[in-house]
Amino acid sequence: MVFRFDVVGVGALNFDSIAPVSPAARSLLRGGVDWGAECRVGAATVDAAMRTVHAAVVRVAVGGSAYNTVAALAHTGAGLRLGYVGVAGRLPVPGAPIVQRLQRLGIDTELVRDVPGELSGVCLSLVKDGERTLLVHPGANDRMAGHLESRFEQVVQYLSAARTVHVTSLLDERSPAVLADVLAAVRDRSPETALTFDPGHVWAGSGTAPVAALATMADHVLVNERELLALGATGDDTWAADRILRVGRPGRVVHVKRPAGVTTFIRSGPLLRARFHPQDTLAADLVLDATGAGDLYAAGVLAALAGGAHQHDGVRLGLALARHKLLHLADAGHADLAAVYEDWARRRARTG
Ligand SMILES: Nc1ncnc2c1ncn2[C@@H]1O[C@H](COP(=O)(O)OP(=O)(O)OP(=O)(O)O)[C@@H](O)[C@H]1O
Ligand SMILES: [Mg+2]
């Protein structure tokens with residue numbers, strides 16, 4: 001099978017800002033947010049929160065979980081052919097529009113719907129002691145379900161031309177069901193196309209049938225501990241991973257991400273095999289910005305899949321990329337992602 005793309009990302013496109021949690025922001029949001037998680041908020045709330053932290057905003061960039069992953073892949077210099085499916089609104093600041101920014105990174109935008117008349121998604125990340133709380137206003141991303149429905153056939157064809165499709169969450173109610181239909185059609189059309197799925201906190205905890213269907217279809221389900229428990233409903237890691245892997249095609253993997261390393265679960269016949277991939281945990285005072293570290297982990301898994309590497313090598317690359325991200329604010333360290341990737345490729349070549 002000859003694929004047109006190595007990786008196509010599917011998900012939100014946001015304007016991201018990062019600021020330390022101020023006492024004013026804390027009191028503004030008291031009772032209204034789940035600290036440490038990702039919360040959908042209205043335009044007025046995100047606007048008020050932005051104002052309380054205004055002078056303290058430390059970095060702004062285009063973001064969105066799948067965007068972060070695909071942009072990181074572009075920076076690895078691995079020469080991957082990348083595409084994106086999403087809806088781009090107008091950024092709330094001056095500068096190049098989202099579509100142009102994607103194109104500059106060499107990411108194909110044929111199926112990025114451009115809606116310049118509408119505000120883009122906005123995501124404010126409030127950081128404290130290495131933990132981040134995301135306030136997300138969906139903006140133009142709320143048009144995603146409509147975008148997928150109106151161009152269903154083109155989207156299915158586009159995704160079927162990818163070696164791997166990486167799906168992340170959208171916050172509107174309809175997208176999960178429409179995406180599940182799209183991906184079921186992709187599975188029929190191109191069974192060789194791998195699906196990686198990072199549901200994030202909101203989808204993992206939603207308990208809906210379409211999100212469960214996406215998790216069942218995925219060849220790699222990427223979650224942190226909190227999200228795994230939310231997806232698996234209750235019980236410990238093994239129980240929750242077992243629930244996810246009980247159905248679906250063979251070879252599916254659940255990755256459980258923690259500061260101390262990643263546990264991969266894979267089903268082999270009636271057995272569930274777990275393997276822990278340890279790493280040196282960074283001390284909290286060294287973590288400059290945890291926003292998007294999970295997205296960089298996904299980039300490692302995807303780069304390894306694209307290069308035909310073993311999934312354990314993908315875990316190692318993902319951990320190295322996430323670690324690098326944690327040491328830098330937003331995308332400030334992206335110029336060095338190629339060096340992280342090369343280092344990984346060199347070690348891999350050495351160990352055979
Ligand atoms: N202190 C730490 N030292 C080293 N690695 C860490 C540390 N904390 C987290 N990590 C790694 O960073 C990644 C964080 O992934 P996780 O999915 O938990 O992020 P997240 O909170 O969902 O972030 P986002 O969705 O914004 O990317 C994991 O790969 C984890 O192993
Ligand atoms: Mg995440």
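A: Start with the polar contacts, meaning pairs of N or O atoms within 3.5 Å; within protein, one must be able to donate a hydrogen and the other to accept it, and residues adjacent in sequence count only if both atoms are side-chain atoms. Asparagine 224 places a side-chain N or O atom 3.1 Å from an oxygen atom of ligand 1. This is a predicted model, where local features need pLDDT of at least 70, side-chain atom pairs count only at pLDDT 80 or more, and totals for chains, interfaces and linings use all residues. Residues are numbered from 1 along each chain as its sequence is written, chains are lettered from A and ligands numbered from 1 in the order in which they are written, and side-chain values use heavy atoms, with hydrogens and water left out.

Leucine 282 has a backbone N or O atom 2.8 Å from a nitrogen atom of ligand 1. A polar backbone atom of alanine 293 is 3.3 Å from a ligand 1 oxygen. Alone, ligand 1 exposes 650 Å², and the protein buries 85% of that (Shrake-Rupley areas, 1.4 Å probe; for residues, only the protein chains shown count as cover).

Now the shell. Strand E12 (253-258), helix H12 (293-306) and H13 each give two or more residues to it. H12 gives the most, with four residues. Helices (H or I, at least four residues) and strands (E, at least two) are DSSP runs, numbered from the N terminus. There are 19 residues around ligand 1; Lys257, Arg258, Leu282, Gly292 and Gly294 come nearest (a heavy atom within 4 Å counts as near). By class, eight are nonpolar, six polar and five charged. Ala, Val, Leu, Ile, Met, Phe, Trp, Tyr, Cys and Pro count as nonpolar, Asp, Glu, Lys and Arg as charged, and the others, Gly among them, as polar.

Glutamate 225 forms a salt bridge with arginine 258, closest N and O atoms 3.2 Å apart (a side-chain nitrogen of Lys or Arg within 4 Å of a carboxyl oxygen of Asp or Glu). Glutamate 225 lies in helix H10 (residues 225-232) and arginine 258 in strand E12, so the pair ties together parts 33 residues apart in sequence. Arginine 258 is partly exposed at 23% relative accessibility (buried is under 20%, exposed over 50%, partly exposed in between; 1.4 Å probe, protein chains only).

Last, helix H13 (residues 311-326) holds lysine 325. Lysine 325 is buried, at 5%. Its contacts (heavy atoms within 4.5 Å) include Gly292 and Ala293.
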